[in-house]
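Please keep the sequence and the model in view while reading.

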Amino acid sequence: MRCTSPGDRPAGRAGRIPPAVVLLHRHGDPRVLREILAGLEEEGVPCRTEEAADGGARELAFAAAQVSSLGVGVGVDAMGNTCVHHAKLPRDAPAAAGPAGSARVMGHNAARLVVRIPFKRQEDSHA
Amino acid sequence: MSLVVGVDIGNSTTEACATLVGEHGEMTFLSGALGGTTGVKGTVENVSGVVEVVRRALAAAGRDPADLAAVLVNEATPVISGLAMETITETIITESTMIGHNPDTPGGAGLGVGTTVAFAGLPDCAAGSAVICVVGAGVDFEDAAAGINAATLRGVRVTGVVAHADDANLIANRLREPVPVVDEVTLVDRVPLGMRAAVEVAEQGRTIRTLSNVYGIATVFELDPEQTRLIAPVARALVGNRSAVVVRTPAGDIADRRIPAGTLTLIGEQTKRSVEMDAGAAEIMDTLRRVRPLVDAAGEPGTHVGGMLARVRDTMSELTEMPVDGVRIQDVLAVDTFVPQRITGGLAGEFALESAVALAAMVRTSKGPMELLAERLRAALGCEVLIGGVEADMALLGALTTPGTDRPLAILDLGGGSTDAAVSSGDGAHSVHLAGAGDLVTNLIDSELGLDNLELAEEIKKFPLAKAESFFHIRMEDGTARFFQEPLPADAFARVLVLTDAGMHPIPTRHGVEKIREVRRSAKHRVFVVNALRALEQVAPGGDIRHLGFVVVLGGSALDFEIPDMISEAVAAFGVVSGTGNVRGTEGPRNAVATGLVVSHAAARAVMERALHIPR
């Protein structure tokens, strides 16, 4: 599960979508996005970022999970509220959600959802 | 026909058996009931528990309490056990010489050696010098990587990084030259600067090779044999880690010391012997075997064992309202255990497994105020209350109602506080009460897994484990999978769960299913199998378990999902028929004493009847 290069990647190279968590955001605060991506990178899980026209964090996360080949999506609304969702979970029951301040932990947990290790809690982080 | 209820007041539960007894002693069992014992066994506080359980038994049988002819109560001698645990080794790091912990995600791989320097001090480093960069709290990973890259460009050889935040991969991914990065070092400010240090990170799926090897450390730091001898405990403490940091400070040391645990004196009827606590459980139990039967035990004052026994005595005297010096310890069970303890002087919350000895002690108190209890019960129930025979005799009679059993029969009663055994012989029963049972198992599980949560430890003891593998399925400890309609809660995700009858509870540790299962089974083995053999040996004719015919396992812990199998396996070696009791063919390992009381009562009645009708 070694991390290759994170962040945006041209989808569909060689006709295949590389495995990645999908991050959908609505004019998300770049600092929030950076923290989420950092959390994912630290865990060694690739991520693809896309911008969405509208929707709340939960809807974005659910939509992102549906298109992610790993089945895991992250949604960020204009306020920086973050939600982590799994494609197999009911729409209204996300795996995790939190305010902008918890972005790093949300990134970690989106990655941990992929690699299947227990979630990190906000109080565990030293940040 | 008369309606009687046999009542067994146990240490933790009160059990009842409602029966119709005919004139010739024929019995029709109606129902059984079980409730919690109120107060200490054998005291008047038991009344409310007894009344409740009698009421329940009659209700289950559909009988009117007004028809109740008699309640039969056992002769209850409170047998109480206490336990204590003390570590006998301790690991101390002085002058912060090492960081040995397992962050989830260290960065890079390999071994780096250099002088420790703070991140802020990096620009002042001379080109060509080898350094280990210490990144404190609040430094962003991009700034850290940029700073290190700038230094590298100047010709400073940054060979390793120690970081405060969970940042290792973020930093490592941004470095021009890949180096090992150890992160999540909580007390990074206490890493000594300007000292020679080594940082090692192993590839994924591997453990470190150099810093966990004493000669590896000696090579890195160019140590002489005497210095190598001193550093040996550091290497040992780092074995099994994926990442480590060793800082060589002039006075730094890691000590691995044994705590003087004291001497335990066992006083038998004939002789008296002393044994050092840190000799371990086997030695202590061996000494006990040589002084048996035990009259009392004493611990050297001012030592750990002295404190342990003092605590047991205090608890006992509090429970039984006996003077402290009147408490006599009649059996002890010593068990070797280990306790994960935070290393004194560690920088990243490192734990070391310290050796410990757990000691359970059993105290037999004077007979409770049975007459007074009977009188109160008479008033509360409005019927005759008879105090029945000796508890062990009654348990044997009850156990004999298990289909397929016969004399000579031995019972093994696995309780919460004590393990009891009795065997029927010509002149009544011969019985023993030994220290150590379910409560000790719970305590061992709690401390060995470092849970600090007795409730959870109790659940781990009683119920099987599973691992949440997705939001919709779990993998049971036997390898089978179980699926769910509703998604599991997020706090259960990827965790080991204990499947209690009140739902699944996540176990908040990093231990895997295998490890937790191993600790659970080993704790049960060290307590119940050891005690079962010890108990049977003491009641068997001539001390030889082979001379027992049938062994019936009774008591609350006999309901456990694996203890009876462990005992059967251990006893099978002696060619004895052993299994879990099934009192009256319906009650399982419960209700033996209550049933025995009724059987004994009916038999007495039949004898009386015959005596009255002997034709002259």
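Helices (H or I, at least four residues) and strands (E, at least two) are taken here as DSSP runs, numbered from the N terminus. Axes are lines fitted to C-alpha atoms, for helices over the stretch in contact, and angles run from 0 to 180 degrees between N-to-C directions. The model is a predicted one, in which local features need pLDDT of at least 70 and side-chain atom pairs count only at pLDDT 80 or more, while totals for chains, interfaces and linings use all residues. Residues are numbered from 1 along each chain as its sequence is written, chains are lettered from A and ligands numbered from 1 in the order in which they are written, and side-chain values use heavy atoms, with hydrogens and water left out.

In chain B, helix α4 (residues 214–221) packs against helix α5 (residues 225–238) at an angle of about 120°, the axes being 8 Å apart. The two helices α4(B) and α5(B) are therefore oblique to each other, a class for angles left over once those under 35 degrees are called roughly parallel, those over 145 roughly antiparallel and those from 65 to 115 roughly perpendicular. On the α4(B) side the contact (heavy atoms within 4.5 Å) is made by B:V214, B:Y215, B:I217 and B:A218, and on the α5(B) side by B:T228, B:I231, B:A232, B:V234 and B:A235. These residues comprise 8 nonpolar, 1 polar and no charged, where Ala, Val, Leu, Ile, Met, Phe, Trp, Tyr, Cys and Pro count as nonpolar, Asp, Glu, Lys and Arg as charged, and the others, Gly among them, as polar. In the loop between α4 and α5 of chain B lies B:E222, whose phi is positive, near 50°, although the residue is not glycine.

A further helix pair in chain B is formed by α10 (residues 438–448) and α11 (residues 454–462), whose axes come within 8 Å and cross at roughly 110°. That angle makes α10(B) roughly perpendicular to α11(B). Here too the crossing is right-handed. Helix α10(B) contributes B:G438, B:D439, B:V441, B:T442, B:N443, B:I445 and B:D446 to the contact, and α11(B) contributes B:L454, B:A457, B:E458, B:I460 and B:K461. By class, the contact of α10(B) with α11(B) has 5 nonpolar, 3 polar and 4 charged residues.

Both α10 and α11 of chain B also give two or more residues to the lining of the second largest pocket, as do β2 (13–21), β5 (79–87), α9 (391–399), β21 (409–414), β22 (418–425) and α14 (592–612). Strand β5(B) gives the most, with 5 residues. The lining as a whole has 16 nonpolar, 16 polar and 12 charged residues.

One runs from B:R292 to B:P293, with omega near 0°, and B:P293 is found in the loop between α6 (281–291) and β17 (294–299) of chain B. Another joins B:R407 and B:P408, with omega about 0°; B:P408 lies in the loop between α9 and β21 of chain B. For context, most residues other than glycine have a negative phi, and most peptide bonds are trans.

Notes:
Left-handed = near helix turned anticlockwise from the far one by under 90°.
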